[in-house]
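Open the model in your viewer and keep the selection tool at hand. The stops below say what to select next and what is found there.

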Amino acid sequence: MVRLPNTLLAACGLLARRALGALEVNLDDQASIKAAAALVAEDLLTFYHGDEPGWVPGILPGPPPDGDYYWWQGGAMWGALLDYRHTMGDKQFDDIISTALLFQVGPNNDFMPPNWTASMGNDDQAFWAYAGLLAAETGFTDPPADQPQWLALAQAVFNEQTHIDRRVEGGNCDWGLRWQVYRTNNGFDYINTVANACYFNMGARLHRYTGNQTYADLAEKTWDLIERLGYVSDKFDVYDGAHLPDCTEINRAQFSYNAAMLLQGASFMFNTTNGNSTWKARVQGMADGIKRVFFAQNGIAYEPSCEPPPGKCNSDMQSYRGFMHRWMANSIQMAPFLYDELMPTLKTSAAAGVKQCTGGANGRMCGFHWTSGVYDGLTGAGLQMNVLGALTALVMPTVSAPLTNTTGGTSKGNPDAGQDKTQLPTFAPITTGDKAGASILTILIITGALSAFAWMSLD
Ligand SMILES: *[C@@H]1O[C@H](CO)[C@@H](O)[C@H](O)[C@H]1NC(C)=O
Ligand SMILES: *[C@@H]1O[C@H](CO)[C@@H](O)[C@H](O)[C@H]1NC(C)=O
Ligand SMILES: *[C@@H]1O[C@H](CO)[C@@H](O)[C@H](O)[C@H]1NC(C)=O
Ligand SMILES: *[C@@H]1O[C@H](CO)[C@@H](O)[C@H](O)[C@H]1NC(C)=O
Ligand SMILES: *[C@@H]1O[C@H](CO)[C@@H](O)[C@H](O)[C@H]1NC(C)=O
């Protein structure tokens, strides 16, 4: 064997290290953004094992204590990858996405498989419906005719959540959608923004895709409720929610995904009303509010209710900002007047997101604390999704807007999906793991949020 001189060995080492180095991207060059996003997507999928023997297709490892991720994060990841696919034109994950979504459909074709009902929130179910909606809106390959179709799956979720079983009847919280689906779960009496905002968002998008006015009416009714309860303040702060019986003691924690899904839904309503001035004011207000609350630190995404020391964002909360970036960009597509206001922020924030991706064995895994400028040692699917979402958002306004059933969308709907009476199957026996998972989530979110509030207000 030939012995290489030391200097040459050192040079090889340097080269190798550079090849493995931090994520690098020129944010003024779409080809560079695409190349970087492809690496982030590849690294994201290292957290997914559902395509390997012995693992469950569709979900990330979990739910706790069996792994880090709740069921909804799987749906959220397929949504992130569908947006990435449409925006960047990278179709290499098509089979994995299709298989995953169809595996988690459940016996009633409604994204409510019995395995996960014990910790099922309306928001959890909606994140899978979002993936179904995105599949329809981005022209993702339709499943074979004998399988459930993307649009029909989203309609099933929406229709089930319209049902009175999931809602409050009478009193100040009238028409409020409950957080949890089942009365046996903690959170059945929590009327929170995320559940209602998810429903609003689905309604606005179903309306645009199908042209069915009923969806718009239900979306508008939900916006009115959220506003009447004061969950969105007159300054467009977006609070977490409140409990029965009155929905008056509002938990004022603010999380970026709540505000962003309201912005996105409002931008769809603005678009389908051809620029109605009431919706325009709401879109403008939400956009201003999001910039003020979630980009206050030099224009870089930040979760004010759990990120300031000594706060601790759980793995759910750590993943919100990726959604925020994507939904802001999608809002620009629906309401182009937002472009000048939001694009510079999306770019500044994406640059900070990319900059801290220097972790892991490959030297390019992403952490959570974007404002710090350095990798924080954290790792996870949500953290990869965040940077993937931030890069996707930079290109999204240049690609085609969401399809509708009159502009090339081919997904077949079923307006009656999920409408049958027997929509709440008798409760599957709860395993200890499931029950603990569900209530731990509740306790984490509620006490986490409350203590954040106490901390802020006592400050
Ligand atoms: C439900 O859990 C069982 C047991 O882990 C698993 O085999 C099955 O694939 C799961 N189904 C879904 C839809 O997650
Ligand atoms: C679009 O969906 C609506 C509502 O379901 C339906 O009435 C209409 O026929 C559909 N249009 C097309 C072109 O499929
Ligand atoms: C519109 O949506 C409503 C609510 O889901 C449904 O009952 C109705 O059948 C739909 N109409 C059409 C034409 O699809
Ligand atoms: C609605 O969205 C389309 C597609 O992006 C866009 O061309 C149009 O200008 C939007 N409408 C309004 C009122 O902004
Ligand atoms: C705009 O939308 C609001 C809310 O739906 C409605 O009250 C108002 O009548 C609409 N304005 C016009 C000019 O259509």
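The structure holds 23 aromatic pairs, and the tour begins with two of them. Bear in mind throughout that this is a predicted model.

**Stop 1: W179 and Y190**

Select W179 and Y190. Their rings form an edge-to-face aromatic pair, with 6.2 Å from centre to centre and 80 degrees between the planes. The pair links distant parts of the chain, its members being 11 residues apart. W179 belongs to the loop between helix 6 (150–162) and strand 1 (190–192), while Y190 is in strand 1 itself. Are these two residues buried or exposed? W179 has a relative accessible area of 2%, so it counts as buried. Y190 is likewise buried, with a relative accessible area of 2%.

**Stop 2: F255 and Y320**

Next, select F255 and Y320. F255 is buried because its relative accessible area is 3%, under the 20% cut-off. Y320, with a relative accessible area of 2%, is buried as well.

Now extend the selection. F255 and Y320 are members of a cluster linked by ring pairs, which also takes in W72, F127, Y130, Y257, F323 and W327. Show the side chains of these residues together to see the cluster.

**Stop 3: arginines over rings**

Which ring does R178 lie over? Select R178 with F188: the arginine is over the face of F188, 4.0 Å from the ring centre. Then select R252 with Y239. R252 lies over the face of the Y239 ring, at 4.9 Å from its centre.

**Stop 4: ligand 1**

Move to ligand 1 and display the residues around it: V56, F103, Q104, P113, N115 and W116. By class, this shell has 4 nonpolar and 2 polar residues, and no charged ones. Two contacts can be picked out with the distance tool. The side chain of Q104 has an N or O atom 3.1 Å from an oxygen atom of ligand 1. W116 has a polar side-chain atom 3.3 Å from an oxygen atom of the ligand. How much of ligand 1 does the protein bury? On its own the ligand exposes 360 Å², and the protein buries 52% of that.

**Stop 5: ligand 5**

Select ligand 5 next. The residues around this ligand are E220, N276, T278 and W279. They divide into 1 nonpolar, 2 polar and 1 charged residue. A polar side-chain atom of E220 is 2.6 Å from an oxygen atom of ligand 5. For N276, an N or O atom of the side chain is 2.4 Å from an oxygen atom of the ligand.

**Stop 6: backbone exceptions**

The last stop concerns the backbone. Most peptide bonds are trans, and most residues other than glycine have a negative phi. The places below depart from that pattern.

Select P64 and P65, which are joined by a cis peptide bond with omega at about 10 degrees. P65 lies in the loop between helix 2 (30–44) and helix 3 (71–88). Then go to L244 and P245: a cis peptide bond joins them too, and omega is about 10 degrees. P245 is located in the loop between strand 2 and helix 9.

For phi, select N109. This residue is not a glycine, yet its phi is positive, near 55 degrees. N109 is in the loop between helix 4 (94–103) and helix 5 (122–137). Its relative accessible area is 38%, so N109 counts as partly exposed.

Finish at N298, which is also not a glycine and has a positive phi of about 55 degrees. N298 is found in the loop between helix 10 (277–294) and helix 11. Is N298 buried or exposed? With 69% relative accessibility, N298 is exposed.

Terms used
Residues are numbered from 1 along each chain as its sequence is written. Chains are lettered from A and ligands numbered from 1 in the order in which they are written. This is a predicted model: local features need pLDDT of at least 70, side-chain atom pairs count only at pLDDT 80 or more; totals for chains, interfaces and linings use all residues. Side-chain values use heavy atoms; hydrogens and water are left out. A residue is near a molecule or strand if one of its heavy atoms lies within 4 Å of it. A polar contact is a pair of N or O atoms within 3.5 Å; within protein, one must be able to donate a hydrogen and the other to accept it, and residues adjacent in sequence count only if both atoms are side-chain atoms. Accessible areas come from the Shrake-Rupley method with a 1.4 Å probe; for residues, only the protein chains shown count as cover. Ala, Val, Leu, Ile, Met, Phe, Trp, Tyr, Cys and Pro count as nonpolar, Asp, Glu, Lys and Arg as charged, and the others, Gly among them, as polar. Rings of Phe, Tyr and Trp (its six-membered ring) pair if their centres lie within 6.5 Å; planes under 30 degrees apart count as stacked, over 60 as edge-to-face and the rest as tilted. Helices (H or I, at least four residues) and strands (E, at least two) are DSSP runs, numbered from the N terminus. Buried means under 20% relative accessible area, exposed over 50%, partly exposed in between (1.4 Å probe, protein chains only). A charge sits over a ring if NZ of Lys or CZ of Arg is within 6 Å of the ring centre and within 35 degrees of the ring normal.
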